[in-house]
Amino acid sequence: MKYNSVLFFLEKTIKNFTKSNEAVRAIAALVDEMERRYGLLEKSFAKNIKDYNEQTEDKILPYIVCVIDEFADLIASDKKVEKDIQRL
């Protein structure tokens, strides 16, 4: 896919998620990252990513955007992914 060459993507574009669990794993990884970030924000007493980035001189947290096409098919493929998306 033409988007896979973009350098700042965390994951490759998932072309056909219905035959594999790639999308489910990617959503679960996003939930793990969200929880990790909540921990960082809590330790630094920051309300959001912008405040955290202004306070820290360490690694700056980039914003993460997740785009889901064929959302209904994804939800129908696995019930756990529905709960993970609700958490996000």
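**View 1. R37 sits in helix α1, which covers residues 22-44.** Helices here are DSSP runs of H or I, at least four residues long, numbered from the N terminus. This is a predicted model, where local features need pLDDT of at least 70, side-chain atom pairs count only at pLDDT 80 or more, and totals for chains, interfaces and linings use all residues. Residues are numbered from 1 along each chain as its sequence is written, and side-chain values use heavy atoms, leaving out hydrogens and water. R37 is buried, at 10% relative accessible area (buried is under 20%, exposed over 50%, partly exposed in between, with a 1.4 Å probe and protein chains only). Setting aside neighbours within four places in sequence, R37 is in contact with I49, L61, P62 and I64 (heavy atoms within 4.5 Å).

**View 2. E33 and R37 pair up in a salt bridge.** That term means a side-chain nitrogen of Lys or Arg within 4 Å of a carboxyl oxygen of Asp or Glu. The closest N and O atoms of E33 and R37 are 2.8 Å apart. Both residues lie in helix α1, 4 residues apart, or about one turn of the helix, and both are buried.

**View 3. R87 reaches E35 through another salt bridge, at 2.3 Å between the closest N and O atoms.** R87 belongs to helix α4 (residues 79-87) and E35 to helix α1, so the pair ties together parts 52 residues apart in sequence. R87 is partly exposed at 44%, and E35 likewise at 38%.

**View 4. K80 and D84 meet in a salt bridge of 2.8 Å, N to O.** Both are in helix α4, 4 residues apart. K80 is partly exposed at 47% relative accessibility, while D84 is buried at 7%.

Note on methods
Helix = DSSP H or I, 4+ residues; strand = E, 2+ residues; numbered from the N terminus.
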